[in-house]
Amino acid sequence: MSGDSECVKIDVDAGRALAVLSGSVFAGVDESIRELLSNAADSLAQLPPALRRDPEIRLRAETKSGILSVSDNGVGMTRNEAREFLGKLFCSGKASQTGVIGQFGVGFYSCFRLCARLEVLTRSRSQNDQGTRMTYSGGNTMELSTTDVRVPGTTVRLYLLDAHHDLLQRSVLRHLVRRYCNFIRYPIYLGDDADLANEMHAPWERTRVDELIAELNRVLEVPEPLAVFPLALASGKSGDPLVAGVLFVTESPPVPPVRLYVARVLITEDDKTLLPPEFRAFVSAILDIDHMPLVLSRDGLVEESIEVEDVRERLVSQLGQGLARLAHERRQDFARLQHAHGIALKEACFKHAELRSQLSGHLLFRSSQQAQTTLPEYLKRSRDPIVIYADDASAAEALLPLYQRANVEVLYMTDAIDRGLREVWPKHRKRFEFRRVDAAPPSMGRLPSERAEHQVSATVFEQV
């Protein structure tokens with residue numbers, strides 16, 4: 001230990017043990033490398049734009065010595081900052097307004113399990129700062145010392161255990177970058193040359209839908225979608241998260257994925273928090289959110305939080321608007337979507353009043369006279385403010401000739417969820433009613449002209 005060295009005891013907030021954190025909280029090795037890369041991106045994000053010249057992140061593998069390093073030329077740290085941010089669990093070096101994941105927060109400690117020794121070399125942008133070295137070799141102390149660091153920024157060096165030497169392979173590192181950090185705004189290079197590992201430009205930045213679809217297929221292997229709804233949700237009020245990305249519906253995804261990025265770093269490929277279960281049955285999403293509360297392992301969101309609730313409500317509203325616009329402007333495309341996911345779509349309408357309001361006038365049904373029709377269209381053709389429906393096509397077959405003779409159209413509402421829809425629709429408008437086909441069938445001698453003349457406007461369902 002050099003003359004100016006000191007030992008800094010690790011201050012474990014909330015009584016959490018370092019061994020538990022590094023050994024079991026994080027799911028795998030991949031997430032540890034993700035954390036180092038996101039820390040480096042945070043360091044660059046904190047630089048004022050005027051100082052952010054030629055920003056870069058580098059992954060270097062020293063195969064003979066078994067050392068993996070992650071370097072950035074960002075803000076760096078003074079010795080005091082290194083003592084504070086590296087010597088205290090759950091302490092983040094990021095400013096809250098930056099909207100980034102958090103420099104040297106809890107994720108940093110997940111790297112301890114990968115190596116026998118860990119070093120951090122850092123230098124701030126202060127003219128008087130020479131540089132600081134932090135060394136951790138086990139136990140509950142770190143060694144801090146002054147050292148020469150050539151350029152401002154931070155380098156984390158992992159002296160890998162033999163079991164993790166596969167991380168020294170360039171192909172493995174490239175895969176990890178592409179999976180987790182492909183879209184962060186700063187270049188990530190492998191080695192000392194110009195081997196760029198990430199793309200930086202996210203697919204959801206495309207403004208034209210055809211280009212967006214092509215990029216989704218190329219970068220993320222998304223199949224040809226039935227519908228695409230780009231997202232650019234600005235903050236509803238001060239402090240609300242900014243949301244970018246895309247919602248889309250494919251014909252038959254085995255499990256519709258919801259890929260969640262926070263500050264362009266992949267958090268999970270299967271988020272179950274932001275879209276309600278009824279929507280996840282048929283809607284896929286790629287979401288990039290500027291800041292969100294993450295669980296301890298940082299592979300998901302804190303579900304019961306104001307930010308999550310706000311984003312969830314805005315996504316549901318945006319999806320409803322997109323589906324309504326699709327139905328209004330491209331009816332046959334909406335028909336294809338409903339043919340593929342009709343029951344799930346109706347379930348979502350039944351459980352979400354806002355979606356029901358947006359789509360009640362657009363849902364398509366088959367009738368005895370039309371291959372597809374909406375309720376407003378049916379009512380416009382009807383002479384009575386009554387919707388004659390059949391919930392069992394075979395049971396209604398015997399009565400259908402009577403309705404045909406009377407020139408009365410029968411609407412087929414044969415999905416099980418249609419019963420729930422019939423119950424909630426009339427609660428909002430009393431100007432019509434549903435009547436089952438066997439409730440009061442027309443008599444054999446009754447003529448169409450004897451029916452009451454009552455034209456119901458199609459606007460009945462516009463805002464149901």
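View 1. A disulfide is a pair of cysteine sulfur atoms within 2.5 Å, and the structure holds 0 disulfides. C115 counts as buried, because its relative accessibility is 10%; C349 also counts as buried, at 1%. Buried means under 20% relative accessible area, exposed over 50% and partly exposed in between, with a 1.4 Å probe and protein chains only. The model is predicted: local features need pLDDT of at least 70, side-chain atom pairs count only at pLDDT 80 or more, and totals for chains, interfaces and linings use all residues. Residues are numbered from 1 along each chain as its sequence is written, and side-chain values use heavy atoms, with hydrogens and water left out.

View 2. The strands follow the order 10-11-14-12-13, and their pairing is mixed. Strands (E, at least two residues) and helices (H or I, at least four) are DSSP runs numbered from the N terminus; two strands pair if DSSP finds at least two bridges between them. Strand 10 (225-233) and strand 13 (265-268) stand at the edges with a single partner strand each, so one side of each has no neighbour in the sheet.

**View 3. The pairing of strands 10 and 11.** Strand 10 runs antiparallel to strand 11 (residues 243-250), and 8 bridges join them. The bridge partner of P230 is V246, in strand 11.

**View 4. The buried residues of helix 13.** Within helix 13 (residues 416-424), the buried residues are I417, D418, G420, L421, R422 and V424.
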